[in-house]
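Here are my notes for your first look at this model. Keep the 3D view open and check each point as you read.

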Amino acid sequence: MPLKRIGVLTGGGDCSGLNAAIRAVTRCAVYQYGATVVGIRDGFEGLLGTPRTLSLTQSMVRGLLARGGTILGSTNKGDPFAYKSVEGDRVITTDRSDEVIENFRNLELDVLIVIGGDGTNAIGWKLHKRGVPVIGLPKTIDNDLDATDVTFGFDTAVNVVVEAIDRLQTTAESHHRIMVVETMGRNVGWIAVEAGLAGGAHIILIPEIPFEIEKIVEAIRKRRAKGRNFTIICVAEGAKLKGGNAVVDKIVRDSAETIRLGGISKTLVDWLEDYNLGECRATDLGHIQRGGTPSAFDRNLATRLGVYAVHCAARGESGVLVVHKNTEASTISLGDALKKIRRVDPDGKWVKTARDIGVSFGD
Ligand code: F6P
């Protein structure tokens with residue numbers, strides 16, 4: 001059966017490179033297969049009730065390569081298998097997956113390309129098991145999908161953090177301050193470890209290596225003793241004290257991800273101020289890491305994987321995640337792809353390299 005109509009959606013937290021992937025899917029579908037591409041608005045939400053779509057033509061995707069965000073919109077709410085709505089004090093959960101399946105059929109789509117992280121692709125897998133041909137594309141700034149060596153969005157986020165650390169280095173030095181910079185990453189420390197290393201942070205704190213305040217204080221005092229009167233601490237939002245828990249910003253009851261992390265940089269500054277180490281300041285980079293122009297690496301990764309997804313669709317593959325392994329694009333069953341979160345290995349090359357040049361992990 002020739003490939004005629006492709007649906008594409010973006011789900012979960014946005015990141016840089018989503019538009020590049022949408023552009024790649026559209027251009028390859030049109031140039032190589034003469035197929036039509038239907039953009040679904042706001043993730044799976046766009047397939048609930050009356051479908052909300054956008055016709056993705058070549059002219060619609062013109063100029064998208066360098067644009068951050070997603071022209072289709074995204075949401076990290078709206079799991080159709082467990083759709084949550086708040087009524088007064090109660091959160092009502094309903095299974096609305098039938099609506100999605102019906103809309104997929106009514107739109108006469110051959111395949112649905114879902115661009116997302118673990119949550120969005122898990123929904124894609126469930127839909128595949130219900131007979132909807134789904135191909136997943138891996139994006140997330142967290143870089144926490146074990147099935148792929150890298151997700152698009154991550155490289156841009158790392159570059160944003162590195163630029164921030166470069167800027168904080170100079171002001172920290174002028175004022176002889178301790179600067180704590182907080183990165184995103186949820187329960188993994190990839191952004192913090194790679195950006196911390198590239199930015200020359202003196203202390204890197206990640207969820208995979210619980211820290212002790214005394215060890216951080218010791219590292220700062222050691223620097224002081226050598227006449228280095230400022231310190232940069234790069235902390236992942238999920239980092240935690242030995243025996244403690246990550247700092248929670250808020251519980252979001254109607255979200256698929258109910259725990260919103262955030263605030264460790266401020267908490268750390270409060271703790272450090274008790275040790276007479278001089279002035280400390282916190283910078284939480286937040287969603288700046290998710291926005292703006294994608295790096296060249298992310299543009300190319302999104303383009304390569306987007307093109308590969310269309311070729312897979314044309315071959316009739318479905319229920320797979322397109323991944324980037326050992327510098328090549330390939331596929332893996334969506335079910336298997338989501339089994340494991342990729343965490344920073346405390347004994348692995350990133351941590352070892354950082355330790356070898358004197359970076360403390362506060363342990
Ligand atoms: O998963 C991507 C991510 O940016 C995490 O690093 C972060 O914890 C979370 O999303 C923030 O989500 P929201 O956009 O809902 O604040």
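**Notes on rings and the ligand**

1. Start with a charge over a ring. Arginine 342 lies over the face of tryptophan 190, and the distance to the ring centre is 4.3 Å. Keep in mind that this is a predicted model.

2. Now turn to tyrosine 308. The charged end of arginine 315 sits over the ring of this tyrosine, 5.7 Å from its centre.

3. How many aromatic pairs does the structure hold? The count is 0.

4. Next, the ligand. Where does the ligand sit? The space it takes is the largest pocket.

5. Which residues surround the ligand? They are Asn76, Ile141, Asp142, Met184, Gly185, Arg186, Glu237, His287 and Arg290. Find each one in the view.

6. Of the residues around the ligand, 4 are charged, 3 are polar and 2 are nonpolar.

7. In glutamate 237, a side-chain N or O atom is 2.5 Å from an oxygen atom of the ligand. In asparagine 76, a side-chain N or O atom is 3.1 Å from an oxygen atom of the ligand.

8. How much of the ligand does the protein bury? Taken alone, the ligand exposes 400 Å², and the protein buries 80% of that.

Terms used:
Residues are numbered from 1 along each chain as its sequence is written. This is a predicted model: local features need pLDDT of at least 70, side-chain atom pairs count only at pLDDT 80 or more; totals for chains, interfaces and linings use all residues. Side-chain values use heavy atoms; hydrogens and water are left out. A residue is near a molecule or strand if one of its heavy atoms lies within 4 Å of it. A polar contact is a pair of N or O atoms within 3.5 Å; within protein, one must be able to donate a hydrogen and the other to accept it, and residues adjacent in sequence count only if both atoms are side-chain atoms. Accessible areas come from the Shrake-Rupley method with a 1.4 Å probe; for residues, only the protein chains shown count as cover. On a 1 Å grid over the protein atoms alone, a cavity is a set of points where a 1.4 Å probe fits but cannot get out, and a pocket is an open set with protein on both sides within 12 Å along at least five of seven lines; lining residues have an atom within 4 Å of a point. A molecule sits in a cavity or pocket if more than half of its atoms lie within 2 Å of its grid points. Ala, Val, Leu, Ile, Met, Phe, Trp, Tyr, Cys and Pro count as nonpolar, Asp, Glu, Lys and Arg as charged, and the others, Gly among them, as polar. Rings of Phe, Tyr and Trp (its six-membered ring) pair if their centres lie within 6.5 Å; planes under 30 degrees apart count as stacked, over 60 as edge-to-face and the rest as tilted. A charge sits over a ring if NZ of Lys or CZ of Arg is within 6 Å of the ring centre and within 35 degrees of the ring normal.
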